[in-house]
Amino acid sequence: MRIVILSRNKKLYSTRRLIEACEQRGHEPVVLDVLRSYMEVVPSKPEVHFKGKTLDAFDAVIPRIGASVTFYGTAVLRQFEMMGAFPLNESVAIARSRDKLRSLQLLSRKGVGLPNTGFAHDPDDIQDLITMVGGAPLVIKLLEGTQGIGVVLAETKKAAESVIEAFMGLKANIMVQEYIKEAGGADIRCLVVGGKVVAAMKRQASPGEFRSNLHRGGSASLIKITPAERTTAVKAAKIMGLNVAGVDILRSERGPLVMEVNSSPGLQGIEEATGKDVAGMIIDFIEKNAKPHKTRTKGKG
Ligand code: ADP
């Protein structure tokens, strides 16, 4: 099969592993820098161009689109979808998952467990916002943040008030969330491929830190997840419309709580912690599912 990997850098671990998995199965992977791909939008003949050349049609497209290039990246992906390539994750699903608040709203609608979360615009509503999520300590998150940057733990009500006020003053979009203390600075990353959890790891924050992101010094280890955690992760990926997703879960006294659903999950941490060939499973999924024009939305929306 002709498979295109949309990635900014061939040398990144996840991209390298996907290239390897394609080659092991006899496919021809092509890596394209999404920001150097450009599009001709004309009636009934969508095209993608790269360095002066018009690209031929592909059977499948693997988007590895960073959060900072969501807008342009999903436009390029949409163009490939319109050309009939099977997207590992659809452009609409990626765009949906990049909006943290919208994602939580969609998950809450279907009864998925979540940390209590509030969102407000006006500083006059801060007091009630804090009460709503159960008071301090609480977590304040920038909606645009990734890799733990822009996630703040406010230990007291006073600290919470001033941080929320400061963010609102800067016109930043934030959400305020109940702090799940019993998670003990750990979370669980479930890697879902085609409706199944194929690998799971526990990420533990470094001492004195509550954020378990590997980019923030967290450490990863193999973990056995509970049936409830498995069901929650699969359900969350399905609600978001993602074939491949990294679902981040906090273990709380009231069961698994979904924090985030990631549409371009990194493969290094999870493959190293579990010893599983996740890249291979992703390509196997594409082999089973890629048929021309097999996007439900055909890039609409
Ligand atoms: P990002 O998308 O930037 O990684 P997250 O929402 O995943 O932001 O938060 C980063 C980390 O902070 C999480 O991996 C988790 O360890 C911790 N964390 C986030 N929200 C909470 C919460 N409500 N309660 C306890 N810990 C949290």
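Me: D248 first: buried or exposed?
Reply: D248 is buried, at 4% relative accessibility. Buried means under 20% relative accessible area, exposed means over 50%, and partly exposed is in between (1.4 Å probe, protein chains only). Mind that this is a predicted model, where local features need pLDDT of at least 70 and side-chain atom pairs count only at pLDDT 80 or more, while totals for chains, interfaces and linings use all residues. Residues are numbered from 1 along each chain as its sequence is written, and side-chain values use heavy atoms, with hydrogens and water left out.

Me: Which residue does D248 form a salt bridge with?
Reply: R203, with the closest N and O atoms 3.2 Å apart. D248 sits in strand β15 (residues 244-252) and R203 in strand β13 (residues 196-204), so the pair ties together parts that are 45 residues apart in sequence. R203 is buried too, with a relative accessible area of 8%. Here a salt bridge is a side-chain nitrogen of Lys or Arg within 4 Å of a carboxyl oxygen of Asp or Glu. Helices (H or I, at least four residues) and strands (E, at least two) are DSSP runs, numbered from the N terminus.

Me: How many salt bridges does the structure hold?
Reply: 15.

Me: OK, what about R17, which residue does its side chain meet in a salt bridge?
Reply: E20, at 2.8 Å from N to O. They are 3 residues apart in helix α1 (residues 13-24), so about one helical turn separates R17 and E20. R17 is buried at 12% relative accessible area, whereas E20 is partly exposed at 35%.

Me: Which residues are linked with R17 and E20 in a network of salt bridges?
Reply: E271 and D277.

Me: And E47, how far apart are its closest N and O atoms in the salt bridge with K45?
Reply: 2.2 Å. E47 is buried, with a relative accessible area of 12%, and K45 is partly exposed at 49%.

Me: Switching to the surface: which residues form a positive patch?
Reply: R109, K110, K235 and K238. Patches take residues with over 30% relative accessible area and no salt bridge, joining like charges within 9 Å, and nonpolar side chains (Val, Leu, Ile, Met, Phe, Trp, Tyr) within 5 Å. Lys and Arg count as positive, Asp and Glu as negative, and His and the chain ends are not counted.

Me: Where is R109 found?
Reply: In helix α4 (residues 100-109). R109 is exposed, with a relative accessible area of 63%.

Methods. Accessible areas come from the Shrake-Rupley method with a 1.4 Å probe; for residues, only the protein chains shown count as cover. The place of a charge is taken as NZ of Lys, CZ of Arg, CG of Asp or CD of Glu.
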